[in-house]
Amino acid sequence: MKNKNLYNYILTIADNSLILAQRLGELCGHGPNLETDIALTNISLDLLGQTRSYYQYAAKISGEGKTEDDIAFLRIEREYKNCLLVEQPNTHFGYVIGRQFLFDVYHLMLMEKLQNSPDETLAAIAKKGIKEVSYHKRFSSDWVKRLGDGTEESNTKMQEAIDDLWRCTDELFFMTDAENAMVKEGIGIDVSSFKGKYYKEVSEVLKEATLTIPENKYFTKGGKEGIHTEHMGYILADLQYMQRTYPNMTW
């Protein structure tokens, strides 16, 4: 492979969007109302569009004759580099919104920095996607406030989701070997540099939503290094079914 570190670095970003898009795709036709259903589907499509751009670039630099479809559909579980947060299930609507919000705040901060990368392709993808990610964050933040500062039941469910998902947030800022290598080359982003800003912004929204900020001292990690939860296998079973059942199929 021409540049293994750059290839793996791209996957740490792209796989988050792919797996979250797949999770949101499960909700198509199951939203609480038509407007929200369409909004979540569109967010899923936005993320898939970004994923395609990343995978096309990864395929190009791999030097192994891979295609974007190979990268998306023909890897085994341990080869996916997404964080654990995005693979968490759609337990109820509060979980969907909580997961989206906790990821969106991070994602926008990453895109804002990545658009200034000297790697022209990564910068271009970030510049193109930043407007979409800005909308994603606005959408999920507004819903966190509506549910948190809504009825007693909506507040309880939103708090339940945040309490449960909070353990997955610290991994967002864990730096893999590929990320550290790309930072040294001046191409990648040191995500640990905006960890404090992330928690400050998230906390401000939670306070406005009349939600309690979790005080977890235990955080889970492993996804960015290919060690996933039990949910990942089921996600890939759905995601990869057509490609593995009908190899070399073209659209």
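A helix axis here is a line fitted to C-alpha atoms over the stretch in contact, and the angle between two axes is taken between their N-to-C directions, on a scale from 0 to 180 degrees. The model under discussion is predicted.

**Helix pair**

On that basis, helix H4 (residues 93–114) and helix H5 (residues 120–148) have axes that cross at roughly 145 degrees and come within 7 Å. The crossing in which H4 passes H5 is left-handed. In the contact of H4 with H5, 16 residues are nonpolar, seven are polar and three are charged.

**Largest pocket**

The largest pocket holds about 450 Å³ of space. Its lining consists of 20 residues, and those nearest the centre of the pocket are Leu18, Leu48, Ala72, Phe73 and Leu239. At least two residues of this lining come from each of helix H1 (4–25), helix H2 (34–62), helix H3 (68–73) and helix H9 (231–245). The most is given by H2, which supplies eight residues to the pocket lining.

**Largest cavity**

A probe the size of a water molecule, rolled over the atoms, shows where empty space is left. How many cavities of 30 Å³ or more does the structure hold? There is one cavity in that range, and the volume of the largest cavity is about 80 Å³. The residues lining the largest cavity include Tyr9, Thr12, Ile13 and Asn16, together with Cys83, Tyr106 and Leu110. Leu172, Glu179, Ile189, Val191 and Lys224 also line the largest cavity. H1 and H4 are the elements that give two or more residues to this lining. H1 gives the most to the cavity lining, with four residues.

**Linings by residue class**

**Confidence**

The average pLDDT of the chain is 94, and 98% of the residues score at least 70. Where in the chain is confidence lowest, and where is it highest? The lowest is in H3, with a mean of 92, and the highest is in helix H8 (residues 195–208), at 98. H3 is also among the helices that each supply at least two residues to the lining of the largest pocket.

Definitions and conventions
Residues are numbered from 1 along each chain as its sequence is written. This is a predicted model: local features need pLDDT of at least 70, side-chain atom pairs count only at pLDDT 80 or more; totals for chains, interfaces and linings use all residues. Side-chain values use heavy atoms; hydrogens and water are left out. A crossing is left-handed if the near helix is turned anticlockwise from the far one by less than a right angle, and right-handed if clockwise. Ala, Val, Leu, Ile, Met, Phe, Trp, Tyr, Cys and Pro count as nonpolar, Asp, Glu, Lys and Arg as charged, and the others, Gly among them, as polar. On a 1 Å grid over the protein atoms alone, a cavity is a set of points where a 1.4 Å probe fits but cannot get out, and a pocket is an open set with protein on both sides within 12 Å along at least five of seven lines; lining residues have an atom within 4 Å of a point. Grid points are joined across faces, edges and corners, and a volume is the space filled by probe spheres set on the points. pLDDT is the predictor's confidence in each residue, from 0 to 100.
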